[in-house]
Amino acid sequence: ARLGMEVATATGAAESVPDALGSHWEEDIVCDNEGGVDDEDGDGDDGDGDADCDEDGAADGKETSFEDLARCAVCNEGDWEDDNAIIFCDSCDLAVHQVCYGAGARNIPKGDVPWYCDVCRHTGKRGDRRCEQECIMCPERGGALKRTSDSRWAHITCALWVPGVSFLDPEGLDVIHPFGLNEKRMQLTCVICNKKMGGCIQCKAPRCLTAFHPTCARRMGYHMVAKEKNDWVDFVAFCDKHGPSAIGKKKRRRKDAKW
């Protein structure tokens, strides 16, 4: 199995996925042109995971590899721990944390034994570096996909972020069940890809109705935070006009105008 270079000798499997990830779904509220959304402050510290670089640009004097630069396809983070390594599919090069991927990535094959993501393992397209499997929740193809309860495919990210979508195996983030999705949510048009399909989420800023697919928002760098609250997780996302960086620019402009 292929891991990040710094954890190539790790053999421990990830601990069980927090139960909170399987019970974060709240009552779904989909807003049309007549209403807003719940107010959330969106504060979240995503941390600074940058490594110190030497004059040649290599982190801590070590040669930078593809594995070192890769980010998890679910959480978009590149940090890892010994019991939660970033593992790579030996067919399509999908990079995921063991915990983020859940079932199927807990036990890492040792040595030269390959590890395959669910799509490559089920479709048999091993050795094909391009995964074009469709997601029923968004227009993005490939990525960290899991089987749905009706034998289709959906992104783990979509299942986590879109209200009404759940996992039949919450602990393993496996078997995505999309049938709790509010039909009105399926009629929203993504402001990024301009497509009306699957399920969009909406900006959490007050009175903002901007809709977007979670995967589209992740790709565009929208502010997305998963807040742990007791026994559940609140997934909060903001459009490009209401993220912390955009709000900070507005405040600076107002201050400059005042003086």
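Rings of Phe, Tyr and Trp (its six-membered ring) are said to pair if their centres lie within 6.5 Å; planes under 30 degrees apart count as stacked, planes over 60 as edge-to-face, and the rest as tilted. By this rule, a search of the whole structure finds three aromatic pairs. The model is predicted, so local features need pLDDT of at least 70 and side-chain atom pairs count only at pLDDT 80 or more, while totals for chains, interfaces and linings use all residues. Residues are numbered from 1 along each chain as its sequence is written, and side-chain values use heavy atoms, with hydrogens and water left out.

**Aromatic pairs**

- A pair of aromatic rings is described by the distance of the centres and the angle of the planes.
- Tyr101 and Trp115 form an edge-to-face pair, with 5.7 Å from centre to centre and 80 degrees between the planes.
- Tyr101 belongs to helix α2 and Trp115 to the loop between α2 and α3, 14 residues apart, and the pair links these distant parts of the chain. Helices (H or I, at least four residues) and strands (E, at least two) are DSSP runs, numbered from the N terminus.
- Both Tyr101 and Trp115 are buried. Buried means under 20% relative accessible area, exposed means over 50%, and partly exposed lies in between (1.4 Å probe, protein chains only).
- The rings of Phe212 and Tyr222 have centres 5.2 Å apart and planes at 85 degrees, so this pair is also edge-to-face.
- Phe212 is in strand β9 and Tyr222 is in the loop between α5 and β10 (224-229), so the pair ties together parts ten residues apart in sequence.
- Phe212 counts as buried at 0% relative accessibility, and Tyr222 counts as buried at 14%.
- Lys146 lies over the face of Tyr101, at 4.5 Å from the ring centre. A charge sits over a ring if NZ of Lys or CZ of Arg is within 6 Å of the ring centre and within 35 degrees of the ring normal.

**The nonpolar core**

- A nonpolar core is a set of buried Ala, Val, Leu, Ile, Met, Phe, Trp, Tyr and Cys residues joined through side-chain atoms within 4.5 Å.
- The largest such core has 55 residues, and those with the most contacts inside it are Val96, Tyr101, Cys117 and Phe212.
- Elements that each supply at least two residues of this core include α2 (98-101), α3 (118-123), α4 (156-161) and β11 (232-237). The largest share, five residues, comes from α4.
- Setting aside residues up to four places away in sequence, Val96 touches Cys72, Ala73, Val74, Ala85, Ile86, Ile87, Tyr101, Trp115 and Ala144. Contact means heavy atoms within 4.5 Å.
- In soluble globular proteins, nonpolar side chains tend to be buried together.

- Strand β6 (residues 166-169) and strand β7 run antiparallel and are joined by three bridges. Two strands pair if DSSP finds at least two bridges between them.
- β6 and β7 form a hairpin with four residues between them, and Leu173 in the turn has a positive phi of about 45 degrees.
- Asp169 stands opposite Asp174 in β7.
- Val175 has its place in β7 (residues 174-177) and is partly exposed, with a relative accessible area of 30%.
- Apart from its neighbours within four places in sequence, Val175 is in contact with Arg147, Thr148, Ser149, Ser166, Phe167, Leu168 and Asp169.

**Salt bridges**

- The structure holds six salt bridges. A salt bridge is a side-chain nitrogen of Lys or Arg within 4 Å of a carboxyl oxygen of Asp or Glu.
- One of them joins the side chains of Asp118 and Arg121 (2.5 Å, N to O). These residues are three apart in helix α3 and are therefore separated by about one helical turn.
- Asp118 is buried, with a relative accessible area of 4%, whereas Arg121 counts as partly exposed at 37%.
- Arg219 forms a salt bridge with Glu140, the closest N and O atoms being 3.6 Å apart. Arg219 lies in helix α5 and Glu140 in the loop between α3 and β4 (145-147), so the pair ties together parts 79 residues apart in sequence.
- Arg152 and Asp150 also meet through their side chains in a salt bridge (2.7 Å, N to O).
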